[in-house]
Amino acid sequence: MKHLKPLNAKARRIDADLTAIDAAAMEEDVVALQQAPRPHVPLGCSLSFSPGWEVDGTGGTAGLCQPAERDIYDCYVTCFWPVQMADHVNYSPDWASNCAAATKDWRSLDVVFP
Amino acid sequence: MTAPLSHRYRMGEMHRFGAAGADFVYMPQAGAIFALDEATHGVLARLGDGPVAHGDLVTALVDQGMPGSDAEGLLRELRQVRLIEAEHVVARAPVVDTPPEDFPLQALVLNVTNQCNLACTYCYEFGADKISTQTGKTKYMTPETAKAAVDFLLESAKGREAVHITFFGGETLMNFRLLKEAVAYADARAAELGKRVTYSMTTNATLLTDPIIDFLAENAVGVTVSIDGPAEMQNARRVYKSGKGSYDVILPRLKSLIAKHKTRAIAARVTLSAGVTDVVGIYHHLKHEIGFHEVGFAPVTTTDDGHDFGLNGDGMSAVLSGFHALSQEWLEYALRGQMHGFSNVSETLSELVVGTNKSHPCGAGLGLLGVSPSGDLSPCHRFTDADEHVMGHIDSGVDQAKRSDFLTRGHVGAKYECTSCWARPLCAGGCHHEAFVRYGDTGHANLHYCDWIRQWTDRVLDIYGTLAVRNPEFLERFADRKGLS
């Protein structure tokens with residue numbers, strides 16, 4: 001800790017725990033994005049999987065492994081986020097029938113009217 | 001680039017205090033104490049006006065000359081310690097978790113008799129607020145009961161290496177013979193089991209004799225004397241049934257006790273009541289004129305109407321200002337590296353050194369049980385012989401249903417008023433017995449002394465902070481000496 005000085009046994013334990021967490025975070029591969037120092041992120045990978053939210057290591061979408069639009073389609077196919085997506089099992093099995101290749105045809109994905 | 005943090009922060013739960021020109025914080029969720037630096041002070045000051053966005057805090061810090069990565073690090077540190085938290089964070093509801101049924105016993109209080117040769121007017125056992133129902137019950141504990149209690153303690157202690165027995169009354173020395181037998185038996189049994197037993201007792205000192213004092217010294221029995229101060233205060237309420245005061249009887253006995261018993265600290269325990277509120281005067285009399293090693297004070301327990309002995313608002317104000325003056329003396333001693341005998345400060349400071357965070361106000365019903373002369377178990381000595389609070393018997397063991405009920409209601413998480421109080425880690429709602437006398441429920445928070453507890457805790461935090469700045473070695477030695485480090 002740099003800014004807080006622990007003064008009793010409980011505070012020293014918190015300090016020790018946080019130091020241990022920091023040390024472990026540098027070794028393990030699952031880390032919180034907010035923490036400093038920042039984890040290593042390969043350029044081109046999406047850091048967030050919420051549709052419409054993806055950005056690459058530069059803050060844009062150009063370097064993503066697959067385009068942002070692809071995720072919307074993936075949600076449909078794999079039910080990754082079914083609540084916001086058309087339901088391909090029961091109600092909208094044909095929603096993506098006009099979209100043969102998501103990277104090219106994503107504009108053909110239409111709005112669903114239940 | 002990672003997604004920018006869009007949180008807005010507010011201040012977490014904390015009690016801030018300043019001492020010796022420095023800034024500190026006490027964290028009720030953990031019991032932790034931290035010293036704050038200027039940057040932290042600045043962040044908290046900004047949050048004092050309401051929630052602020054992460055980015056705005058970082059910008060403000062950068063504008064003050066802090067590198068951006070350091071600003072992020074600072075906010076992260078404060079977030080992890082929970083000095084700041086995201087605006088939308090919902091505090092977890094307090095959890096009332098009762099301890100396991102086989103929680104190892106640590107101490108027993110043996111009420112060796114419920115008889116007393118004094119008739120102190122404020123006594124919780126015999127006075128106006130008594131809850132015990134002694135009619136028809138055993139008056140003196142028998143050796144068989146005491147031995148069974150010792151066996152019960154050693155067995156229930158499970159893996160503990162050391163256990164403690166407190167002898168209590170009535171007046172403990174009215175059954176001194178039993179005390180001697182119990183000590184001999186417990187020492188022998190403990191030796192067989194490879195455990196240790198330590199002892200203490202409470203007495204009004206009227207029946208102390210030289211052979212008794214020798215026995216207590218030889219066996220390192222800690223002695224606490226119930227005494228209210230100089231003659232006029234002691235004789236106000238600590239009286240014989242005839243109304244005669246007890247001061248002249250105990251004075252020579254106390255001098256002898258203190259002169260001869262060197263194996264344990266001899267403590268005075270003062271009950272403050274109407275007219276007996278001169279804390280400083282009482283302390284100096286007991287410490288310097290009689291020679292007690294430590295002096296502790298507690299306000300009398302009474303119902304709301306207080307009878308003629310309860311402390312009213314003025315009385316409590318006098319007590320508080322006395323506590324304040326005496327704690328200032330304590331601090332001055334500590335700054336010189338000396339121990340002062342005002343044990344109320346030492347007790348609270350011990351808990352702060354560790355960072356105690358209590359689920360229950362005390363060990364009653366947890367690691368400690370009371371045993372009545374007939375062998376009934378109760379949460380502590382104050383509930384002895386009260387039918388409603390019997391919690392099993394030494395022959396049949398603890399009544400787990402009653403114990404669980406007692407501990408569930410007594411849990412700090414079950415006391416709604418305590419959830420927003422920063423002093424709850426140390427207080428946990430206060431004495432179960434006092435709550436029962438005052439509110440008819442052992443699990444009721446003792447709301448009548450909340451302000452008092454907070455003021456007192458704040459006062460001892462002030463001492464803690466002052467020592468942390470001006471004599472940190474003393475705090476370390478204090479922890480070592482109390483076995484807290």
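Reader: Hi! How far apart do the C-alpha centres of domain 1 and domain 2 of chain B lie?
Author: Hello! The C-alpha centres of domain 1 of chain B and domain 2 of chain B lie 44 Å apart. The domain bounds come from an automatic or database domain assignment. This is a predicted model, where local features need pLDDT of at least 70 and side-chain atom pairs count only at pLDDT 80 or more, while totals for chains, interfaces and linings use all residues. Residues are numbered from 1 along each chain as its sequence is written, and chains are lettered from A in the order in which they are written.

Reader: Thanks! Which residues belong to each domain of chain B?
Author: The assignment gives 8-86 for domain 1 and 107-401 for domain 2.

Reader: And how many residues does the contact take from each?
Author: Four residues come from domain 1 of chain B and four residues from domain 2 of chain B. Two residues are in contact if their C-beta atoms, placed from the backbone, lie within 7 Å.

Reader: New topic: what is the strand order in the open sheet of four strands?
Author: The order is E1(A)-E4(B)-E3(B)-E2(B), with antiparallel pairing. Strands here are DSSP runs (E, at least two residues), and helices are runs of H or I with at least four, numbered from the N terminus. Two strands pair if DSSP finds at least two bridges between them.

Reader: Which are the edge strands?
Author: Strand E1 (4-6) of chain A and strand E2 (15-19) of chain B, each pairing on one side only.

Reader: How many bridges join E1(A) to E4 of chain B?
Author: Three bridges do, and E4 covers residues 32-36. The bridge partner of A:Pro6 in E4(B) is B:Phe34.

Reader: Where does B:Phe34 show up in the largest nonpolar core?
Author: B:Phe34 is among the residues with the most contacts inside that core, which has 122 residues; B:Ile33 and B:Tyr464 are also among them. A nonpolar core is a set of buried Ala, Val, Leu, Ile, Met, Phe, Trp, Tyr and Cys residues joined through C-beta atoms within 7 Å.

Reader: What does B:Tyr464 touch?
Author: Not counting residues up to four places away in sequence, B:Tyr464 touches B:Ile33, B:Leu349 and B:Leu352.

Reader: Last one: why does B:Arg253 count as partly exposed?
Author: Because B:Arg253 has 19 C-beta neighbours inside 10 Å. Buried takes 20 or more other C-beta atoms within 10 Å, exposed 12 or fewer, and partly exposed lies in between, with C-beta atoms placed from the backbone. B:Arg253 sits in helix H8 (residues 247-260) of chain B.
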